[in-house]
Amino acid sequence: MFARRLVLLTTSAVALAVPAAAAEAATYCVDKPACSGLDTTFGGALSNAAASADNDRIEIGETTIPAALHLYDPGIDAGNLEIVGVGSTKSLFLNKPGVEQPTLRILRGPGGNSMRIASIGMRMTGPDAAWVSRGIRTGAVVEDVAITTTAPQPGKMLGIELDAGGVLRDSTIKLESTVQTHDGRIGVFVQSPGTVVERSTVDAVTGVLASDDMRITRTGLFARGGYGVLGCKSAVRMDNS
């Protein structure tokens, strides 16, 4: 009897040691012939990824994605998300000017999924009216991304807004402006805690506008008539910048 109980306990211990199955992964290919996955548009890839609990990877080839509002805001406990291009001058987004929403808005699901955006670019143009043109809003790790204008632009403009936990790394933001007020052209906007800007270059009327705590490290900040860093009721830690 004792021997039988010992065998049962040992079997239970082995069963508990077996790890849970890892989340499946899906790859979506946007104008990238060498990509191995489902060929689709960028908007279609975002919609599919937001509706899936799997880990998702969106690969963008050498292409220009027309101006539109692109949203990833899963209402479920989504898997991790990666959006990866082939270079900040090759996988290029055109911004949607004259609207209050960001051109690329990548938000975490309720489970707090990990997100990464890498090796893409965004070409910014200014609106004719007093609206703010917005580039990217996200809490993702953003790497090797360039948000730029080709010439001085009119109107108000915001390059990237970092949500809680967002990181801007090894990236360039250069917004040339005909507007010289400090709130008219902002490179990086922060109003959530725990954000980081590192190893990047930010060149705008106001480089960074922070209304929550953040860190700036090993970053070049250039102010075109405004402020390099403007903090409002926030603690901005800077080093080697």
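This is a predicted model: local features need pLDDT of at least 70, side-chain atom pairs count only at pLDDT 80 or more; totals for chains, interfaces and linings use all residues.
Q: Which strand does S1 join over six bridges?
A: Strand S3. S1 covers residues 25-30 and S3 covers residues 55-60, and six bridges join the two.

Q: Parallel or antiparallel?
A: S1 and S3 run parallel.

Q: What is the bridge partner of alanine 25 in S3?
A: Asparagine 55 is the partner of alanine 25.

Q: And how many bridges are there between S1 and S2?
A: Two. S2 is made up of residues 38-39, and S1 and S2 pair in the parallel sense.

Q: Which residue of S2 stands opposite cysteine 29?
A: Aspartate 39 stands there, facing cysteine 29.

Q: Is that link left-handed or right-handed?
A: The link of cysteine 29 and cysteine 35 is left-handed, with -65 degrees about the S-S bond.

Q: Are cysteine 29 and cysteine 35 buried or exposed?
A: Both cysteine 29 and cysteine 35 are buried.

Q: What about cysteine 232, where does its relative accessible area put it?
A: Cysteine 232 has a relative accessible area of 42%. Buried needs under 20% and exposed needs over 50%, so cysteine 232 counts as partly exposed.

Q: On to rings. How many aromatic pairs does the count come to?
A: The count comes to one aromatic pair. The rings are those of phenylalanine 42 and phenylalanine 93, with centres 5.0 Å apart.

Q: Why is the pair of phenylalanine 42 and phenylalanine 93 called edge-to-face?
A: Because the ring planes are at 75 degrees, and planes over 60 degrees apart count as edge-to-face.

Q: Where in the chain are phenylalanine 42 and phenylalanine 93?
A: Phenylalanine 42 is in helix H2, residues 42-50, and phenylalanine 93 is in strand S7, residues 91-94.

Q: Why does phenylalanine 42 count as buried?
A: Because its relative accessibility is 3%, and the cut-off for buried is under 20%. Phenylalanine 93 counts as buried too, at 0%.

Q: Which residues of H2 are buried?
A: Phe42, Ala45, Leu46, Ala49 and Ala50. Seen down the axis of H2, these buried residues fall within an arc of 125 degrees, so they line one face of the helix.

Q: Why would residues three or four places apart point the same way in an α-helix?
A: Because an α-helix has 3.6 residues a turn.

Key. Residues are numbered from 1 along each chain as its sequence is written. Side-chain values use heavy atoms; hydrogens and water are left out. Two strands pair if DSSP finds at least two bridges between them. Helices (H or I, at least four residues) and strands (E, at least two) are DSSP runs, numbered from the N terminus. A disulfide is a pair of cysteine sulfur atoms within 2.5 Å. Buried means under 20% relative accessible area, exposed over 50%, partly exposed in between (1.4 Å probe, protein chains only). Rings of Phe, Tyr and Trp (its six-membered ring) pair if their centres lie within 6.5 Å; planes under 30 degrees apart count as stacked, over 60 as edge-to-face and the rest as tilted. The arc is that of the directions from the helix axis to the C-beta atoms.
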